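I opened the notebook today to look up a few things in this model. Here is what I wrote down, entry by entry.

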Amino acid sequence: MGDAALTLYELAGADAALRFSPHCWKTRMALAHKGLEAERVPWRFAEKEAIAFSGQGLVPVLVHDGESVSDSWRIALHLEERFPDRPSLFGGAAAIPLARFANAWADTTLLPAIVRIILVDIFGCLDERDLDYFRSSREIRFGQRLEEVVADRPAHMAALKQVLTPLRRVLAQDPFLSGPQPAYADYCAFGMFMWARCTSPIELLQPDDPVFAWRDRLLDAFGGMARSAPCA
Ligand SMILES: N[C@@H](CCC(=O)N[C@@H](CS)C(=O)NCC(=O)O)C(=O)O
């Protein structure tokens, strides 16, 4: 088990060291939680053929001893099942649906609130080959120019503050969503903050927000792995 061969395909920017995908960050944290090392392969939007073996076109893709697993949630379940002797990502089978809720909340509520703040900054980090694809695919998705999506920053910052209410309420009492120690539910939300940290100079949180201190604790987790990650 100690020598499992793990390869993680991760979205990279113009600088290959810049790894900013929120979903890839969930997987990075999950691997660190399990004490696993993976070879981390930089991937750009323009390189669909490089992950075609996984049968789909999104990262993260984890290859474990020749078996490919895509989708960060499925990767988390895979790691939990295949590395049962390592620290649990969920804290038991009964807690998996609640972690799935945290993941769904992060993807469907937190991510859309953050993207309206950082979308142009993300664009600014991308590899040249990705610029046209990113602009056109995202402008179709939003029905607006990228610059228009982020234009009203004060309104989007206020909306984010509101969206964070349930997370803030938990963190006002407990150090992590998962209790005294972090686990996968935390990484689902934290991945979104790493996406912003890696791509944008905009500070999303006020220092007196319990979410700010939680984010700091996760930046420091695993020997400061996330804190030392390259930023744009
Ligand atoms: N539900 C998937 C979402 C993965 C996803 O959307 N990945 C983005 C990068 S953050 C991607 O690969 N996008 C490729 C594209 O838009 O063509 C997961 O959790 O892994």
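How many bridges join strand β1 to strand β3, and do they run parallel or antiparallel? I found four bridges between β1 (residues 6-11) and β3 (residues 61-64), and the two strands run antiparallel. In β3, Val63 is the bridge partner of Thr7.

Before going on, two notes to myself. Residues are numbered from 1 along each chain as its sequence is written. The model is predicted, and local features need pLDDT of at least 70, side-chain atom pairs count only at pLDDT 80 or more, while totals for chains, interfaces and linings use all residues.

**Entry: the sheet.** I read the strand order as β2-β1-β3-β4, an open sheet of four strands with mixed pairing. β2 (39-43) and β4 (67-70) are the edge strands with a single partner strand each, so one side of each has no neighbour in the sheet. From one strand to the next, the twist averages 20°. For my terms: strands pair if DSSP finds at least two bridges between them; helices (H or I, at least four residues) and strands (E, at least two) are DSSP runs, numbered from the N terminus.

**Entry: helices.** I saw α2 (residues 72-82) lying across β3 and β4, at about 135° to β4. Axes here are lines fitted to C-alpha atoms, for helices over the stretch in contact, with angles from 0 to 180 degrees between N-to-C directions. I also checked α4 (residues 131-142): its 12 residues reach 16 Å from first C-alpha to last, close to the 16 Å expected at 1.5 Å a residue (1.5 Å times one less than the number of residues). Just after α4, Gly143 has a positive phi of about 70°.

**Entry: the ligand.** Around the ligand I listed residues including His23, Phe45, Asp71 and Trp73, where near means a C-beta atom, placed from the backbone, within 6 Å. α1 (22-33) and α2 are the elements that give two or more residues to this shell. By class, the shell has seven nonpolar, four polar and one charged residue. Ala, Val, Leu, Ile, Met, Phe, Trp, Tyr, Cys and Pro count as nonpolar, Asp, Glu, Lys and Arg as charged, and the others, Gly among them, as polar.

**Entry: two domains.** An automatic or database assignment sets the bounds, giving domain 1 (6-82) and domain 2 (93-224). I noted 18 residues of domain 1 in contact with 23 residues of domain 2 (C-beta atoms, placed from the backbone, within 7 Å). α1 gives the most to domain 1's side, with eight residues.

Conventions. Contact = placed C-beta atoms within 7 Å.
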